[in-house]
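Work through the exercises below with the sequence and the 3D view side by side. Try each task before reading its solution.

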Amino acid sequence: AGASAGAGAGGGGSGWPGAEAASQTPVPREQHAAWVYDGGMYIFGGKAHEAESDEVFLSDLWRLDFTTLEWTRQYPAGIAPAPRGEVSAATLRGRRAFLYGGFTEMSGGSRYVDRALQVVMRRSGHHRWHQLHNASASSSSSSSTGGVS
């Protein structure tokens with residue numbers, strides 16, 4: 001399960017000494033992707049719990065600045081990926097982040113998604129989503145235990 005870093009920051013029991021509350025923070029989540037780039041941590045997607053029985057898959061991208069400990073919502077150009085949890089991330093040469101797979105809710109039930117995505121990271125903050133063309137969609141049902149194929 002992923003940590004919900006930044007949620008509840010400050011003296012309110014975050015467990016992070018010296019962390020101050022930011023004006024905007026991502027909702028608490030689990031099963032998100034995370035990577036480090038240019039002095040900050042990025043998180044994408046994951047699963048949030050709106051109520052004890054309600055789960056919501058997310059498709060938002062956030063950056064935690066390591067110097068200020070402030071969160072900023074990111075809005076890369078291009079077509080944003082579908083909401084998903086259990087997504088994996090890796091970076092290449094400090095310029096690109098690759099996201100792969102995940103679990104999302106579709107009409108007719110939940111299923112795994114195995115479309116590879118790329119975020120081109122730019123120090124200017126003008127990031128861009130790209131879907132890799134050689135990726136294929138999986139139609140595995142939620143009963144699959146083998147993970148992303």
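The exercises cover a sheet, a glycine with its surroundings, and the nonpolar cores.

This is a predicted model, in which local features need pLDDT of at least 70, side-chain atom pairs count only at pLDDT 80 or more, and totals for chains, interfaces and linings use all residues. Residues are numbered from 1 along each chain as its sequence is written, and side-chain values use heavy atoms, with hydrogens and water left out.

**Exercise 1.** Give the strand order of the open sheet of four strands, and name its edge strands.

Solution. Strands here are DSSP runs (E, at least two residues), numbered from the N terminus. Two strands pair if DSSP finds at least two bridges between them. The order is 1-2-3-4, and the pairing is antiparallel. Strand 1 and strand 4 (71–74) pair on one side only, which makes them the edges. As one example of pairing, strand 1 and strand 2 are joined by five bridges. Ala33 has Phe44 in strand 2 as its bridge partner.

**Exercise 2.** Determine whether Gly45 is buried or exposed, and list its contacts beyond four places in sequence.

Solution. Start with the location: Gly45 belongs to strand 2. Buried means under 20% relative accessible area, exposed over 50%, and partly exposed in between (1.4 Å probe, protein chains only). Gly45 has a relative accessible area of 0%, so it is buried. Contact means heavy atoms within 4.5 Å. By that rule, and leaving aside neighbours within four places, Gly45 touches Arg29, His32, Leu58, Ser59, Asp60 and Arg84.

Next, follow one of these residues, Asp60. Asp60 sits in strand 3 (residues 55–65) and is buried, at 11% relative accessible area. Its side chain makes a polar contact of 2.8 Å with that of Trp62. A polar contact is a pair of N or O atoms within 3.5 Å; within protein, one must be able to donate a hydrogen and the other to accept it, and residues adjacent in sequence count only if both atoms are side-chain atoms.

**Exercise 3.** How many residues does the largest nonpolar core have, and which element gives the largest share?

Solution. A nonpolar core is a set of buried Ala, Val, Leu, Ile, Met, Phe, Trp, Tyr and Cys residues joined through side-chain atoms within 4.5 Å. The largest one has 13 residues, and Trp35, Phe44 and Trp129 are among those with the most contacts inside it. Strand 1 (33–37), strand 2 (40–49), strand 6 (96–100) and strand 9 (117–120) each give two or more residues. The largest share, three residues, is from strand 1. A second, separate core has five residues, including Met41 and Trp71.
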